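Subject: Handing over the structure

Hi there,

Here is the structure I promised to pass on to you. Have a look at it first, and then read on for my notes.

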Amino acid sequence: KRSKLGYMYRPAVEDHPQNQDWHGAENLCVEGLRDVLLAWMDVAPDAASNYVKGLLEDQLGIARRIALHVINHRWEVCSSLFLDSISNSLLVAEIKHEMYQLLSAHFKDMSATHQDLVLQSIERIVVSEKIENAERHRRVEQRRWLSAIQGKGNDRADQWFADLGQGELAVGVSSHPDF
């Protein structure tokens, strides 16, 4: 259950008011691994990058979230780990906060090719057909992800974000789209 719902136990890898104290041991483990990886990346980036790559490919959502957090905060050293793994499988609920933060901080730093891969991933978001009004839900999810990258220098992303917010089929964005 926690492999897919870890965000409910630890909403953010960074220190954040939404994190709760009642899972003390788990929180300390997340904070410890996060801090050790950030420091390791500073002193031995090659070895640390290999470890972070493994976390990014892990089945546990919290492992992937920690990897995204480290990549976000050490972008200059390990951006290739993210850029080599761009796909719509990174646009899922269990890693939403860290992925949103990374895209918001570094979309503008990506090449046009990588920006296009991100946009293709957003375009290919799949929602369950069992959800009532699945197409509207997909548009909401697309606009949520586009809100992380709009205004970052990509005209296609900016126009798509605007288009999803207008007309009869307009969808909004929550006040905290990364949670």
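Twelve residues separate Val36 from Ala48 in sequence, and their C-alpha atoms are 9.7 Å apart in space. Please keep in mind as you read that this is a predicted model.

**The core**

The largest nonpolar core is made up of 44 residues. Ile71, Phe82, Leu103, Met110, Ile122, Leu146 and Ile149 are the ones with the most contacts inside it. Two or more residues of this core come from each of helix H2 (24-43), H3, helix H4 (61-73), H5, helix H6 (96-106), H7, H8 and helix H9 (155-164). H4 gives the largest share, six residues.

Which residues does Phe82 touch, leaving aside its neighbours within four places in sequence? Phe82 is in contact with Leu68, Ile71, Trp75, Leu90, Met99, Leu102, Leu103 and Met110.

Next, please turn to helix H3 (residues 45-56) and helix H5 (residues 75-83). Their axes come within 10 Å and cross at roughly 35°, and the crossing of H3 past H5 is right-handed. On the H3 side, the residues that meet H5 are Pro45, Ser49, Val52, Lys53 and Leu56. H5 brings Val77, Cys78 and Leu81 to the contact. Sorted by kind, the residues of this contact are six nonpolar, one polar and one charged.

**Salt bridges**

How many salt bridges does the structure hold? There are eight, and I picked out three of them for you.

The pair Glu98 and Arg65 forms a salt bridge through the side chains, with 2.7 Å from N to O. This pair links distant parts of the chain, since Glu98 is in helix H6 and Arg65 is in helix H4, 33 residues apart. Are these two buried or exposed? Glu98 counts as buried because its relative accessibility is 2%, and Arg65 counts as buried because its value is 1%; the cut-off for buried is under 20%.

Another salt bridge joins the side chains of Glu141 and Arg144, at 3.2 Å from N to O. Both residues lie in helix H8, three residues apart, which is about one turn of the helix. Glu141 is buried, with a relative accessibility of 11%, and Arg144 is buried as well, with a relative accessible area of 14%.

Lys53 counts as partly exposed because its relative accessibility is 41%, whereas Glu57 counts as exposed at 54%.

Last, a detail of the backbone. Asn133 sits in the loop between helix H7 (112-123) and helix H8 (134-149). The phi angle of Asn133 is near 55°, which is a positive value in a residue other than glycine.

Note on methods: Residues are numbered from 1 along each chain as its sequence is written. This is a predicted model: local features need pLDDT of at least 70, side-chain atom pairs count only at pLDDT 80 or more; totals for chains, interfaces and linings use all residues. Side-chain values use heavy atoms; hydrogens and water are left out. Axes are lines fitted to C-alpha atoms, for helices over the stretch in contact, and angles run from 0 to 180 degrees between N-to-C directions. Helices (H or I, at least four residues) and strands (E, at least two) are DSSP runs, numbered from the N terminus. A crossing is left-handed if the near helix is turned anticlockwise from the far one by less than a right angle, and right-handed if clockwise. Contact means heavy atoms within 4.5 Å. Ala, Val, Leu, Ile, Met, Phe, Trp, Tyr, Cys and Pro count as nonpolar, Asp, Glu, Lys and Arg as charged, and the others, Gly among them, as polar. A nonpolar core is a set of buried Ala, Val, Leu, Ile, Met, Phe, Trp, Tyr and Cys residues joined through side-chain atoms within 4.5 Å. Buried means under 20% relative accessible area, exposed over 50%, partly exposed in between (1.4 Å probe, protein chains only). A salt bridge is a side-chain nitrogen of Lys or Arg within 4 Å of a carboxyl oxygen of Asp or Glu.
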